[in-house]
Amino acid sequence: MFKIPLSSTPFNAAGIADILNDYEGQPVMKLVDDFEAAICQYTGARYALALNSGTAAIHLGLKVLGVGPGDVVIAPSFTYVATVGPVLYQGAQPVFVDSEQTTWNISPDLLEKAIKSQIEGKRKPKCVIVVHNYGMPAQMRAIKSICDRYEIPILEDAAEALGSQYFGAYAGTLGQIGIFSFNNNKVVTAYGGGVLVTGDKAVYDKALFWATQSREDKPYYEHTDLGYNYRMSPLNAAAGILELRSVKAKIEQRRNLFSQYKGVFGSWESVAWLEEPDGFKTNRWLSTALFSNPLIINDIMEKTKRQGIECRRLWKPMHLQPYYKKYPSFVDGTGETLFQQGICLPSGGAVIVGDVFGILDQL
């Protein structure tokens with residue numbers, strides 16, 4: 001539909017074929033094992049579990065942390081729905097917290113208010129989910145300090161942030177559990193799939209058990225718990241192995257693209273950008289911009305679509321979503337403003353900034 005999609009990676013058929021040829025005659029799951037090893041080597045995580053989606057990784061992460069029916073999980077309101085759907089899978093209740101304006105991620109101040117409110121109601125949160133929106137790391141020092149004070153574990157949703165760094169540490173390795181997504185629209189893709197990472201072997205072992213139908217280690221099929229068919233396929237792992245070999249170049253390409261956008265839009269006083277604070281390094285999964293006049297967003301969406309260029313609005317906050325607005329929220333309007341004024345610009349390898357700018361400059 002789009003000659004310039006928002007973010008996608010075409011198949012490298014020859015490259016994937018070379019990977020498969022390298023593994024000819026070996027057990028097919030060795031591809032998955034080696035993909036997990038490559039994730040550990042790149043991120044510094046001790047354990048990595050390759051799964052069929054980032055959503056599955058969040059689900060298992062919550063389950064490992066003991067989230068169950070009636071529990072409370074605090075999550076950012078400004079995020080994609082896959083962050084919070086697994087909370088409901090477990091029969092728990094999400095409590096939404098708005099963003100802060102610097103990184104667009106969960107606000108530490110509102111987070112603490114939400115925690116105190118839930119504790120006062122005798123419903124201490126079982127977990128806090130932190131998302132690194134658009135690849136920008138959250139304010140992890142402040143967030144971790146709060147969660148440590150109240151002894152609440154962090155599940156780090158780094159689906160969009162593979163390769164992003166917070167004071168030298170990779171996003172996804174900063175909480176008790178982290179997850180990544182390898183969807184086709186991500187910086188590194190396996191054309192589907194996700195990974196759970198952790199430094200705790202007991203967490204890894206339990207997640208692996210559930211991900212493989214909770215099959216006991218016996219010479220026959222025996223199941224003492226509910227399990228899931230969540231493991232990554234070897235073909236996805238082959239694509240992931242290939243993609244990881246060029247992860248640094250892919251990130252630099254997206255960072256350079258963001259710089260180009262800032263350069264060509266430099267004369268527009270009405271545009272603001274998601275800037276990196278000191279100590280933060282984002283993979284710039286998507287180049288995002290805020291326009292002071294919200295009405296211009298509709299013009300951008302209409303005219304770029306007509307020209308075959310895909311742009312998208314920023315996330316519509318969960319507390320405004322018809323299905324999720326019934327749940328408690330602690331908001332100050334930041335997420336709603338981001339949704340009203342923000343747009344994601346094409347950020348994949350096929351993007352020519354001049355083509356996009358030429359259309360936007362006509363507005």
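Helix α11 (residues 334-341) gives the most to the lining of the second largest pocket, with four residues. The model is predicted, so that local features require pLDDT of at least 70 and side-chain atom pairs count only at pLDDT 80 or more, while totals for chains, interfaces and linings use all residues. Residues are numbered from 1 along each chain as its sequence is written, and side-chain values rest on heavy atoms, with hydrogens and water left out.Helices (H or I, at least four residues) and strands (E, at least two) are DSSP runs numbered from the N terminus. A pocket is an open set of points on a 1 Å grid over the protein atoms alone, with protein on both sides within 12 Å along at least five of seven lines; a cavity is a set where a 1.4 Å probe fits but cannot get out, and lining residues have an atom within 4 Å of a point. Volume is the space filled by probe spheres set on the points, which are joined across faces, edges and corners.

The second largest pocket holds about 190 Å³ of space. Of its 14 lining residues, Q101, W104, L290, T334 and L338 are the closest to the centre. Strand β10, like α11, supplies at least two residues of this lining. By class, the lining has six nonpolar, six polar and two charged residues (Ala, Val, Leu, Ile, Met, Phe, Trp, Tyr, Cys and Pro count as nonpolar, Asp, Glu, Lys and Arg as charged, and the others, Gly among them, as polar).

The largest pocket has a volume of about 480 Å³. It is lined by 30 residues, and Y80, N183, N185, K186 and W315 lie nearest its centre. At least two lining residues come from each of α3 (54-64), β8 (177-181) and β13, with the largest share, three residues, supplied by α3. The lining of the largest pocket comprises 13 nonpolar, 11 polar and six charged residues.

One cavity of 30 Å³ or more is counted, and the volume of the largest cavity is about 30 Å³. Its lining includes A159, E160, S181, K186 and W285. Six nonpolar, two polar and two charged residues make up the lining of this cavity.

Strands β10 and β13 also belong to an open sheet of four strands, ordered β10-β12-β15-β13 with antiparallel pairing (two strands pair if DSSP finds at least two bridges between them). Because β10 (271-273) and β13 (312-313) each have a single partner strand, they stand at the edges, and one side of each is left without a neighbour in the sheet. Helix α9 (residues 247-264) packs on the sheet and touches β10, β12 (287-291) and β15, contact meaning heavy atoms within 4.5 Å. The direction of α9 makes about 25 degrees with that of β12 (axes are lines fitted to C-alpha atoms, for helices over the stretch in contact, and angles run from 0 to 180 degrees between N-to-C directions). Two bridges join β13 to the antiparallel strand β15 (residues 342-345), where I343 is the bridge partner of R313.
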